[in-house]
Amino acid sequence: MIHDPGNGAARTLQTISLSADLAIAGGGLAGVCAALTAARSGVKVVLAQDRPVLGGNASSEVRLWILGATSHMGNNNRWAREGGVVDEILVENLYRNPEGNPLILDTILLEKVKAEKNITLLLNTAVNEVEKSGPSRISAMAGYCSQNQTLYRVEAPLFCDASGDGILGFLAGAAFRMGAEARQEFDEAFAPAAGYGELLGHSLYFYSKDAGRPVRFVPPLFALRDITQIPRYREIRASDSGCRFWWLEWGGRIDTIGDTEEIKWELWKIAYGVWDYIKNSGRFPEAENLTLEWVGTIPGKRESRRFEGDYILRQQDIVEQRRHADAVAYGGWAIDLHPADGVYSELSACTQWHSKGVYQIPYRSLYSRNIDNLFLAGRLISVSHVAFGSTRVMATCAHNAQATGMAAAICSERKLRPRDLLEGPLLRSLQRRLLAAGQYIPGIPLDDPSDLARRAAIRSSSRLVLHRFPADGEPVPLDCSRAMLLPVPAGPFPMVCFLVDSRESTSLEVEVRGSSIEGNYTPDVTLYQETVGLERGRSQQVWLRPSATAVKAGYFAFCLMRNPAVSVYTSSLRVSGLVSLSHSMNRAVATSARQEPPPGIGIDSFEFWLPSRRPAGRNLAIQIEPPLDLFVAENIRNGVARPTIGPNAWVASPDDLTPRLTVCWSEPRQIGRIELCFDTDLDHPMESVLMGHPEREVPFCIKRYRVVDSRGDVLFECPDNHQTRNTVRLQPPAVASELHIEILETYGAPAAVFEARFYER
Ligand SMILES: Cc1cc2nc3c(=O)[nH]c(=O)nc-3n(C[C@H](O)[C@H](O)[C@H](O)COP(=O)(O)OP(=O)(O)OC[C@H]3O[C@@H](n4cnc5c(N)ncnc54)[C@H](O)[C@@H]3O)c2cc1C
């Protein structure tokens, strides 16, 4: 028993002092991905998170789905899911949690952070103080954990602010902005006009469930009574819940940090008012048995401080996809701004303008310009308000945070400041280490001199030479234009034959389209066009015989233009890096199948050509003449681990029952580690919560494989994989002049490998 009679003197709380190589404030997706990336590179990290679980807006406390450049598959960014740790998290979440339960995502984030011996996690610990050792240097951060009445003080040479609102940067005196820049500052034509407002507001959601019997709801006194105060109230559906109510937003006119509690009360008023309307207005008889299961208690914050780095990313970087020598990450969500009056605004709840492809994020936007040892990660990075409209989504935040985490590792190893990494060799080392860890940086391939595959001869048991997608699927109507997106080498286009049914004799427009920017998939350049006559009847061949030439290798859309009298056959065959498209719209992120911005706002007009999700989404049945011979084993060492201007994967022939890659060296080599990258379909957004997915594992992914030496001895066997990246450690290291990677099973599609790298240790 403890009995302290007290002597009348005030007591002080215990203080625990910690030291680390990197101290991170904020355990949202950005803080988590920065911490994991740094810790896996050997950096001792302290991660302080003011709430009981990790994930920030993705956690079960707020329940937003993690999104990024894939944009719900609603724009032309193909194979754009972010790589690295955030990919690992999303793939794991798909595997464990295809139903999208936010509690399961919490456990995945907690598990990954707890498993990392280099991370000291301080949950429920709110950072509220910094100490400085000079005007531009932080020496310690301190926080308070209300659960154990403990003060923590963390000393470190490097700090990372991933707190969303920027607690570290603010306290340390870092330059920041809050609100919108005037149009002239960066010549941003989409800078909000007066009246629209300068900040995005917060949101807070509810989930409901069917209780199996009628449930009464008596609203609290603070609930909104007059639903017509919400101009969009007619769009409320009893079946909607969670982030489908993203537009229940408020607070953009007041201080989104200082007034957060006030904003929360208004959002509770709105949430309970909406539920009162659903339950008690008489308009939703289907809500009779529904009851509230959960109402958010912490509002999701969209926007507050943005800190100034050495570069402020702006609208033109996004729309024109400007290149940066110091690119370390990328984005691809639309520029998505909301009226500051939020749910009470008469204006459209959001304005989303996509670019034609993904854009680079430079390293100069990821550290403070005036605090020498402060990294930035997540939504608070150095971007203009307009650019923030795109960079703010969580997978993009996570991806930039991974760059921050890796940069911190290099700074820690070499005792450098963040800005020092701008020097050529250091910057290349940062990019290289990021790419090796799975980060994708558009336009920058991995060139790793220590990868022994570079000095090997590579063979495969077979390779896919793609000459057809068999017509074993149902025809789909050409009620919209459809296309196969095919990788084509430079030179004359191949001929492509579709199989169609036609209800009448008609003529069908066929086209080959490419993209105006290399590496994009927006089919905005028509390279060949022809009209083909069709008779009434089934199973007719439509040959597209383009007389044009592909000046450079790339993906091209072989299109059948809209004709509702015609249907085109589909195929059940799925192949890595191949997808069919339709000229259509995804209401979640667009208002029409063609983006038509008003003039003068600096946004491009173009068409959306979108894939459909599995299981419905299928390739079109085609024959290709000459066949596409691009799925060669050499691809595993070309430094690009996703489709870009080509499939970049070795794909085995579908007939090959024992697919195998062989790597040979002229003399025996010690191999201690092999890095493999499989195809988990980077086109799949893998929304983390609310929205279910029909599959746990991706059909293109390798399930079972093994590493075998020339004597046939099995050096390693993986019995059950579902992840993109596999690190194989050979214990003891093999000494071999030949190794085989044998693919024993996939989840359905022909075996595919994007990358296989071999290291001495
Ligand atoms: C309503 C709404 C809808 C959105 N829709 C989407 C969407 O559909 N998909 C999507 O990807 N993005 C969406 N976003 C944007 C996205 O959620 C945010 O931009 C993103 O969460 C930012 O990530 P972050 O890690 O920087 O910040 P956060 O997710 O906010 O994480 C920051 C973390 O830091 C913690 N923290 C704050 N202060 C301290 C402190 N003093 N000490 C310690 N910890 C601290 C916070 O508790 C939080 O957990 C939406 C945002 C909102 C609000």
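**Cavities, ligand shell and strand pairing**

The structure holds 4 cavities of 30 Å³ or more, a cavity being a set of points, on a 1 Å grid over the protein atoms alone, where a 1.4 Å probe fits but cannot get out. The model is predicted, so that local features need pLDDT of at least 70 and side-chain atom pairs count only at pLDDT 80 or more, whereas totals for chains, interfaces and linings use all residues. Residues are numbered from 1 along each chain as its sequence is written, and side-chain values use heavy atoms, with hydrogens and water left out.

The largest cavity has a volume of about 70 Å³, taken as the space filled by probe spheres set on the grid points. Its lining (residues with an atom within 4 Å of a point) includes Trp246, Trp247, His338 and Pro339. By class, this lining divides into 7 nonpolar, 3 polar and 2 charged residues.

The ligand is surrounded by 32 residues, each with a heavy atom within 4 Å of it. The closest are Asp50, Asn57, Trp65, Arg392 and Met394. An oxygen atom of the ligand lies 2.5 Å from an N or O atom in the side chain of Asp50, and one is 3.2 Å from an N or O atom in the side chain of Arg51. At Arg392, a polar backbone atom is 2.4 Å from an oxygen atom of the ligand. Of the 990 Å² of accessible area that the ligand has on its own, the protein covers 93% (Shrake-Rupley method, 1.4 Å probe). Two or more residues of the shell come from each of α1 (29–40), β5 (125–134) and α9 (394–414), where helices are DSSP runs of H or I with at least four residues and strands are runs of E with at least two. The most is given by β5, with 3 residues. The shell comprises 15 nonpolar, 11 polar and 6 charged residues.

An open sheet is formed by 6 strands in the order β27-β26-β30-β23-β32-β35, with antiparallel pairing; two strands pair if DSSP finds at least two bridges between them. β27 (525–534) and β35 (609–610) stand at the edges with a single partner strand each, so one side of each is left without a neighbour in the sheet. Within this sheet, β23 (482–488) and β30 (554–560) are joined by 7 bridges, and Ala483 stands opposite Cys559 in β30.

Elsewhere, the antiparallel strands β40 (702–709) and β41 (714–718) are joined by 4 bridges. These strands form a hairpin with 4 residues between them, and Gly712 in the turn has a positive phi of about 90 degrees. Arg706 stands opposite Glu717 in β41.

Definitions and conventions. A polar contact is a pair of N or O atoms within 3.5 Å; within protein, one must be able to donate a hydrogen and the other to accept it, and residues adjacent in sequence count only if both atoms are side-chain atoms. Ala, Val, Leu, Ile, Met, Phe, Trp, Tyr, Cys and Pro count as nonpolar, Asp, Glu, Lys and Arg as charged, and the others, Gly among them, as polar. On a 1 Å grid over the protein atoms alone, a cavity is a set of points where a 1.4 Å probe fits but cannot get out, and a pocket is an open set with protein on both sides within 12 Å along at least five of seven lines; lining residues have an atom within 4 Å of a point.
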